[in-house]
Amino acid sequence: MDRKLFGSAMVKYFSGLLLMGLLLFLPAGSFAFWQGWLLLGILFVPMFFAGLVMMVKCPELLRKRLNLREQQDEQKQVVALSGLLFLVCFVLAGLNFRFGWLPLPRSVVFASAGLFVLAYLLYAEVLRENAYLSRTIEVQENQRVIDTGLYGIVRHPMYAVTVLLFLSMPLVLGSLLSFAAMLFYLPLIVRRILGEEAVLEQGLEGYADYKKRVKYRLLPGVW
């Protein structure tokens with residue numbers, strides 16, 4: 001086992017857990033914010049075990065997923081705006097719990113939690129299908145076009161699943177206001193996809209033909 005990679009993964013894991021907990025429970029003013037605990041559970045428990053599996057079976061993919069250093073200024077802006085959007089979403093959810101603004105019924109919260117878990121499973125399938133997935137836009141050495149499985153349906157299944165994950169998060173937190181804020185993620189992901197496709201079409205052999213075979217980027221029949 002790569003101890004350096006393991007240490008880096010654990011630091012980022014627990015840092016993310018601590019930061020998200022602070023963003024949720026400080027605005028809520030109480031640890032009784034049960035929706036916050038629910039989201040932390042369905043997000044970080046599977047993430048921990050998935051990370052262990054990746055550490056053992058495909059450490060190089062884990063290393064790529066830990067890399068957040070974008071090279072393009074435009075994509076750096078997209079990442080920064082996405083981070084700001086999450087901060088607003090979590091803080092609004094905590095305040096929503098504290099002051100009782102537009103609370104969502106438990107049935108919606110639990111249904112959204114089920115949707116989140118389903119999206120998480122689809123995310124794991126995307127990672128299984130594509131070993132080239134990093135968190136930065138780049139063309140890697142010896143990279144080839146993946147056109148099977150979910151990649152045979154849309155060109156960016158990872159982003160499609162990510163949208164589902166991110167839009168279900170505020171509903172798990174029981175906050176309609178946070179959901180409204182998270183809708184601003186849609187233009188950000190469109191911007192990122194267009195930038196990524198420009199890089200792939202220029203640097204990845206066969207990607208232009210793949211675009212002709214698989215017409216839709218994110219949602220079949222829509223875009």
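**Reading the labels of a predicted model**

Q: Which helix gives the most to the nonpolar patch?

A: Helix α5 (residues 106-129) gives the most, with five residues; helices are DSSP runs (H or I, at least four residues), numbered from the N terminus. This is a predicted model, in which local features need pLDDT of at least 70 and side-chain atom pairs count only at pLDDT 80 or more, while totals for chains, interfaces and linings use all residues. Residues are numbered from 1 along each chain as its sequence is written, and side-chain values use heavy atoms, with hydrogens and water left out.

Q: What makes up the nonpolar patch on the surface?

A: The patch is formed by Leu 115, Val 117, Leu 118, Leu 121, Leu 122 and Leu 164, with about 460 Å² of accessible area together, an area that comes from the Shrake-Rupley method with a 1.4 Å probe, only the protein chains shown counting as cover for residues. Patch residues have over 30% relative accessible area and no salt bridge, and nonpolar side chains (Val, Leu, Ile, Met, Phe, Trp, Tyr) are joined within 5 Å, like charges within 9 Å; a salt bridge is a side-chain nitrogen of Lys or Arg within 4 Å of a carboxyl oxygen of Asp or Glu.

Q: Why is Leu 121 called exposed?

A: Exposed means over 50% relative accessible area, buried under 20%, and partly exposed in between (1.4 Å probe, protein chains only). Leu 121, found in helix α5, has 58% relative accessibility and therefore counts as exposed.

Q: What makes the pairing of the His 156 and Glu 197 side chains a polar contact?

A: A polar contact is a pair of N or O atoms within 3.5 Å; within protein, one must be able to donate a hydrogen and the other to accept it, and residues adjacent in sequence count only if both atoms are side-chain atoms. The two side chains make such a contact at 2.9 Å.

Q: How do you know that the span of helix α1 (residues 3-28) agrees with its number of residues?

A: The expected span is 1.5 Å times one less than the number of residues, so the 26 residues of α1 should span 38 Å, and the end C-alpha atoms are 37 Å apart, which agrees.

Q: Why is Arg 98 called partly exposed?

A: Arg 98, found in helix α4 (residues 73-99), has 43% relative accessibility and therefore counts as partly exposed.

Technical notes:
Helix = DSSP H or I, 4+ residues; strand = E, 2+ residues; numbered from the N terminus.
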